[in-house]
Amino acid sequence: MQDKIMLGENIYWVGKIDDRDVPFHRLTLTKGTTYNSYLLKTGLPTVIDTVDISFGREFVENLKELIPLEDIKYIVINHTEPDHSGGLGSLAAKAKNAIIVCTEPAVEELKEMYKLHNREFLVVKDGDRLDIGGKNLRFIETPYLHTEETMITYCEEDKILFPCDIFSTHVANYEYFNDLAKEDIIEDFKVYYKLIMHPHRKYVQDMINKIKDIEIDIIAPSHGYILRSNVKEFINMYDVMSRNTVKDKKAVIIYSTMTGNTKKVGNIIKDNLEMNSIAVEVIDVNKASGEEALRAVKEADGVFFGTSTRYADMIGGLEDLLKELKNIDLKDKIGGVFGSYGWSGEAIEVVQDYLRETDIKLLNTADIIKSTGMTDVMFPIRIRFSPKGDALKQIERASVYTAELLLNGM
Ligand code: FEO
């Protein structure tokens with residue numbers, strides 16, 4: 001066991017320094033990284049996050065030198081990605097009395113990933129507090145930073161924020177704290193932000209609003225340096241980097257609808273884009289002239305094409321417009337397709353086929369997953385019947401993603 005690294009009274013760093021070239025999100029982290037886990041040795045001892053799955057056993061062995069594992073009362077999992085939850089399987093097997101604390105979307109993931117179907121979970125929501133015997137934890141949900149289930153844990157007495165991936169750096173450092181760093185860490189901090197957080201910057205702003213009134217002495221993330229000097233400056237950097245930087249972006253939504261459901265989807269896209277600072281024009285292709293629709297396409301930065309499906313094909317005049325598109329320059333525009341359907345929604349795919357013959361940047365699920373790791377932004381936007389429930393969330397995620405792309409690029 002290495003020297004005890006302490007952040008405050010009874011608060012230990014119990015992570016792992018990984019100084020290899022680390023493969024991560026199709027990159028190689030040439031400076032390595034760390035997986036920071038923390039033990040709060042209170043009346044109800046609590047572990048916050050674990051380490052990468054490759055170091056699970058070593059993590060548990062090291063932890064055992066600080067505390068009998070059966071004494072651990074809570075294991076807080078802020079984020080389920082295996083570089084942080086990976087030690088949970090090994091730890092839970094030994095810490096048999098521990099309750100796992102996480103957000104609701106994390107429960108099923110953790111049960112499946114680590115075979116924890118018979119374990120006790122404590123589901124926490126935004127603002128919930130937990131007395132861990134001498135200290136109190138507060139939980140702040142931070143969805144989509146960078147996955148849906150993520151949250152921040154805040155220790156009220158020590159004013160320490162445990163934000164997991166947020167405010168991290170990928171550096172295998174042996175100094176632990178930023179005030180002891182041998183070199184300037186700002187560039188590494190910004191590079192990490194750009195890679196992992198920037199695609200989700202709307203949610204970065206939401207997170208900053210949630211923490212802005214909290215007193216924070218230390219930020220203890222789960223990669224790289226623990227920030228205990230210039231803390232406000234690091235938060236401010238996230239604020240500045242995540243603000244919208246390009247204004248006056250326009251989108252046009254061109255649709256053809258059979259029963260009105262595709263029109264409803266288009267209007268929900270419109271509302272979401274407008275809420276995210278995009279000017280939007282909506283055109284019913286069956287009521288506008290071909291020239292008017294083409295003019296709108298040429299003027300827009302982003303174009304959504306929507307259609308209902310009837311007998312496996314699109315309806316109305318949309319196809320005439322699509323045929324014109326390969327003759328015009330669309331290379332600086334983003335294109336998305338949406339539609340309501342009742343059976344199989346072939347028309348939505350046919351519209352995509354037309355757009356693939358142009359030079360528009362066509363939004364599609366596979367490319368989004370590959371470039372951002374987001375699995376909940378789906379293009380084309382396929383909605384069965386009238387948009388409601390989960391469909392509204394699906395449309396919102398796709399629209400917010402598009403707005404961010406238009407405002408800031410990726
Ligand atoms: Fe460091 Fe999202 O994992």
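I sort residues by relative accessible area: buried means under 20%, exposed means over 50%, and partly exposed lies in between, with a 1.4 Å probe and protein chains only.

**Entry 1: ground rules.** I am working with a predicted model, where local features need pLDDT of at least 70, side-chain atom pairs count only at pLDDT 80 or more, and totals for chains, interfaces and linings use all residues. Residues are numbered from 1 along each chain as its sequence is written, and side-chain values use heavy atoms, with hydrogens and water left out.

**Entry 2: salt bridges.** I looked for salt bridges (a side-chain nitrogen of Lys or Arg within 4 Å of a carboxyl oxygen of Asp or Glu). How many does a search of the whole structure find? It finds 26.

**Entry 3: Arg-295 and Glu-281.** I looked up this pair and found a salt bridge, with the closest N and O atoms 2.9 Å apart. Arg-295 sits in helix H9 (residues 290-299) and Glu-281 in strand S18 (residues 279-284), 14 residues apart. Helices (H or I, at least four residues) and strands (E, at least two) are DSSP runs, numbered from the N terminus. Glu-281 counts as partly exposed because its relative accessibility is 22%. Arg-295 is partly exposed too, at 30%. Both belong to a network of salt bridges that also links Lys-250 and Glu-299.

**Entry 4: Arg-382 and Glu-349.** Here I found another salt bridge, 3.0 Å from N to O. Arg-382 lies in strand S22 (residues 381-384) and Glu-349 in helix H11 (residues 346-356), so the pair ties together parts 33 residues apart in sequence. Arg-382 is partly exposed at 26%. Glu-349 is partly exposed at 31%.

**Entry 5: Asp-376 and Arg-397.** Their side chains meet in a salt bridge at 2.8 Å, N to O. Asp-376 is in the loop between helix H12 (365-372) and S22, while Arg-397 is in helix H13, 21 residues apart. Is Arg-397 buried or exposed? Arg-397 is buried, at 4% relative accessible area. Asp-376 is partly exposed, at 22%.

**Entry 6: H6 and H13.** I then followed H13 to a helix pair. The axes of H6 (residues 201-211) and H13 (residues 390-408) come within 9 Å and cross at roughly 100 degrees. The two helices are therefore roughly perpendicular, a label for angles of 65 to 115 degrees. Axes are lines fitted to C-alpha atoms over the stretch in contact, with angles from 0 to 180 degrees between N-to-C directions. The contact (heavy atoms within 4.5 Å) includes Arg-201, Lys-202 and Tyr-203 of H6. On H13, Arg-397 is among the contacting residues.

Technical notes:
Angles under 35 degrees count as roughly parallel, over 145 as roughly antiparallel, 65 to 115 as roughly perpendicular and the rest as oblique.
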